[in-house]
Amino acid sequence: MKKVKETALFSVFVAEEDIEREKSKAREIRHSKWWHQKCAQGVCFYCGSRVGSSNLTMDHVVPLIRGGRSIKNNLVPACKECNNNKKYLLPMEWKDYLKRRKE
Ligand SMILES: [Zn+2]
């Protein structure tokens, strides 16, 4: 019984550590030339709005909490509106949201 409990605690601990590691990787990437070039156009990846590079935020396409990583093909510039909306929507709802924005 005791052993099962320890294993459960351990896996939670590892997940949190993974997220912290990916967050710090994202912070590094935010200072990279690659990221600055990606934001240079000032265009949101999701809705295509021109909001200016200073209004873009870094978004993880697959959120860290769902096992996403801070790697280049999982990081996109998003406007604040899309970033906020994405946080509260389920993947299915997010797909509908994108469809509406692009119509
Ligand atoms: Zn947007």
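Q: What makes residues count as contacts of L56, leaving aside its neighbours within four places in sequence?
A: In this predicted model, L56 is in contact with C39, G42, C44, V51, P77, A78 and C79. The criterion is C-beta atoms within 7 Å, so each of these residues meets that cut-off with L56.

Q: Why is the set containing L56 called a nonpolar core?
A: The largest nonpolar core has 6 residues: L56 together with C44, Y46, A78, C79 and C82. A core takes buried residues of kinds such as Ala, Leu, Tyr and Cys, joined through C-beta atoms within 7 Å, and therefore these 6 residues qualify. In soluble globular proteins, nonpolar side chains tend to be buried together.

Q: How do you know that strands β1 and β2 pair?
A: Pairing needs at least two bridges. Strand β1 (residues 56-60) and β2 are joined by 5 bridges, so they pair, and they run antiparallel. Within this pairing, T57 stands opposite A78 in β2.

Q: What makes strand β2 mostly covered?
A: Of the 5 residues in β2 (residues 75-79), 4 are buried. Being buried takes 20 or more other C-beta atoms within 10 Å, so 4 residues of β2 reach that count. Across the 103 residues of the protein chain, 10% count as buried.

Methods: Residues are numbered from 1 along each chain as its sequence is written. This is a predicted model: local features need pLDDT of at least 70, side-chain atom pairs count only at pLDDT 80 or more; totals for chains, interfaces and linings use all residues. A residue is buried if 20 or more other C-beta atoms lie within 10 Å of its own, exposed if 12 or fewer, and partly exposed in between; C-beta atoms are placed from the backbone. Helices (H or I, at least four residues) and strands (E, at least two) are DSSP runs, numbered from the N terminus. Two residues are in contact if their C-beta atoms, placed from the backbone, lie within 7 Å.
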